[in-house]
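Let's walk through this protein together, one piece at a time. Keep the structure open beside you as you read.

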Amino acid sequence: MCLAGLLAGTHARASTRREVAEELVVRAGAGLDTGALHEAIALRISGVRLIVDTEGELSCGPGCTLARIERAAEEGLRISVRLGDGRVFMRTLSATAAEPERAAATSLSHLLAAIADGTAEPEPPPEPKLVAAESPAPTSTPQVCPPPPPPVVARPVAERSEPASPRFELGPTVGLVTAFGVGRPAALAGSVGNGGFVGVEMRHRNGLLVGFEARGLGARADGLRLGRVRLSVALGHSLRRGRFELRTRAAFLVEPWWVGARTEAARLQSGSPLLGAALSLTPGLSLALAPDLRVDIGLRVEAAMSVHASDGAVVQLIAPSGAPVFRLGGFELAAAAEIGVRWGQAAPSPLSRAVAWSEPARTRVFVKLATVLFSLVSIGFTILCTQSPERFLRKRTQWLKWEARRRSGTFGGMSLWWAELDADDPLPEPEWAERVIAVIHANGRLSDDTYDEFDSWTEALADATHGAVYSHPTGSFTHIWADADPKRTATRTRELLDVGDFAGLAAWIRELVAAQRRAVNAAGSQLHWIGRLRFR
């Protein structure tokens with residue numbers, strides 16, 4: 001457990017080209033092709049100056065970032081980055097790919113991206129050395145006391161940090177509504193009108209809601225038509241748990257109304273407005289399209305009480321025939337379907353977004369929005385494969401139908417297709433970008449008969465291709481392959497301990513802990529077997 005806490009899990013977004021400091025100095029260790037390394041880094045990071053490994057300490061001016069790439073034990077790579085303020089960040093690759101320069105460049109770009117985003121954790125500073133105090137009249141050279149061995153402290157594994165939510169969110173809401181009168185007058189109980197509403201709502205990070213809304217209702221009966229426009233100011237709270245959101249609001253309302261005949265020349269009649277209050281409850285989904293852009297979809301249930309402003313009672317409107325046709329005020333229940341867009345405080349206005357967004361950015365948002373709407377009626381999975389899945393897909397099952405020539409097929413109600421790794425595809429760790437050679441996408445619907453079968457089939461596919469299964473409905477990896485053989489686990493652990501490669505062992509444990517957090521699989525067994533070994 002102490003080794004597991006040496007390194008905290010990091011989460012960085014893959015980026016093929018980022019601006020870093022004014023100058024980046026990279027020292028390449030022995031055994032690396034400096035030309036290939038320079039070319040690979042230049043493709044991913046701009047403004048790179050490469051220095052071949054030499055004796056001594058590298059130095060550079062203000063605004064300079066120092067990086068070192070060198071061989072580690074087990075043919076792995078160790079990457080360290082030192083910033084101008086003295087902070088040091090480390091990353092270790094447990095195994096080197098066929099092209100180590102390319103793998104090192106990719107990992108370096110991910111590390112720099114994580115540092116820029118504030119999601120990377122620096123290495124702890126070294127323990128200060130204790131030096132014996134000099135006497136006023138020293139008769140001999142002061143003796144330097146060796147520092148005591150530092151205590152081994154288990155540092156808790158840091159949880160993967162999430163982007164900070166905007167302080168304020170502001171945006172419009174629209175919806176459709178139907179209302180029903182309840183109670184007296186019993187003769188007019190039932191539907192009192194249908195219509196829609198539009199509003200503006202602001203939400204604070206702590207959940208506080210403030211909003212303004214205009215609602216219109218219309219009804220017809222006995223050749224007459226009734227119109228109502230309700231203006232309300234609301235105060236409430238928004239509770240978010242993942243994608244689920246529950247909004248509770250209390251509102252004060254003023255509702256003018258008018259009534260007239262259906263003929264165009266008919267004169268409209270109106271009276272004093274209705275005054276009242278309303279309480280609403282809106283469960284729904286809050287879906288993030290970008291760090292500062294969200295779409296809220298919900299179903300609102302509302303209870304309202306209002307009275308006529310002049311006499312403080314419920315009003316009945318009577319037709320010329322003497323029959324009551326409409327009711328105004330009293331206790332009313334309403335049901336509404338609503339959708340809203342929220343922009344964070346740091347986001348530009350909607351107009352500037354439409355003008356300034358680049359074409360790729362607009363395309364990504366529109367694709368995400370289409371995916372969100374499609375996910376309301378279907379579910380999706382992404383299976384990452386680090387080995388070819390072709391042989392596994394040829395195995396026919398009761399539900400699987402695969403066409404190798406088209407690289408597509410079906411599994412019950414799920415559509416399957418083979419694709420290359422895309423920049424938007426989820427990854428358990430950034431290093432997987434160099435290992436994934438194929439991606440199987442699945443989208444559709446599953447019945448009670450096929451759900452368990454499909455779940456078992458995707459896990460078997462991930463195990464056969466040493467890959468992982470990502471569930472879009474849950475937004476997490478449900479299965480990540482891990483080599484769970486006890487003998488191989490013990491052998492690798494002893495080899496790392498025999499050569500004293502504690503950094504490599506810690507990096508391996510970190511990967512297993514991260515895999516166990518993201519999915520329930522064999523990683524937990526490996527950690528158990530590592531823990532049973534004893535230092536000798």
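The mean pLDDT of this protein is 76, and 70% of its residues reach 70 or more; pLDDT is the predictor's confidence in each residue, on a scale from 0 to 100. This is a predicted model, so to speak of local features pLDDT has to be at least 70, side-chain atom pairs count only at pLDDT 80 or more, and totals for chains, interfaces and linings use all residues. Residues are numbered from 1 along each chain as its sequence is written, and side-chain values use heavy atoms, with hydrogens and water left out.

Among the elements, strand β10 (residues 244-255) has the highest mean pLDDT, 94, while helix α3 (residues 350-356) has the lowest, 47. Over residues 1-20, pLDDT stays under 50, and the model has 58 contacts there beyond four places in sequence (a contact means heavy atoms within 4.5 Å). Residues 351-357 also stay under 50, with nine such contacts. Where pLDDT is low, the predicted coordinates should not be read in detail.

Now for the overall picture. The protein has nine helices and 24 strands; these are DSSP runs numbered from the N terminus, with helices (H or I) of at least four residues and strands (E) of at least two. Of its 536 residues, 39% count as buried, where buried means under 20% relative accessible area, exposed over 50%, and partly exposed in between (1.4 Å probe, protein chains only). Among contacts with a separation of 6 or more, 66% join residues 24 or more positions apart.

What sits inside? In soluble globular proteins, nonpolar side chains tend to be buried together. Here the largest nonpolar core has 25 residues, and Val26, Ile41, Ile69 and Leu108 are among those with the most contacts inside it. A nonpolar core is a set of buried Ala, Val, Leu, Ile, Met, Phe, Trp, Tyr and Cys residues joined through side-chain atoms within 4.5 Å. Elements that each supply at least two residues of this core include β1 (23-28), α1 (34-44) and α2 (100-117). It is α2 that gives the most, with eight residues. A second, separate core of 20 residues includes Cys385, Leu393, Phe411 and Leu416.

Stay with α2 for a moment. It is mostly covered, as 15 of its 18 residues are buried. Just after α2, Gly118 takes a positive phi of about 80°.

Next, look at α6 (residues 451-464). Its 14 residues should span 20 Å, and the ends agree at 20 Å apart. Which residues of α6 are buried? They are Phe454, Trp457, Thr458, Leu461 and Ala462. Seen down the axis of α6, these fall within an arc of 135°, so they line one face of the helix (the arc is that of the directions from the helix axis to the C-beta atoms).

Most residues other than glycine have a negative phi. His466, though not a glycine, has a positive phi of about 50°. You'll find His466 in the loop between α6 and β23 (468-471), partly exposed at 24% relative accessible area. Arg407 also has a positive phi, near 55°. Arg407 lies in the loop between β19 (400-403) and β20 (408-411), and at 37% relative accessibility it counts as partly exposed.

Notes:
Expected span 1.5 Å × (residues − 1).
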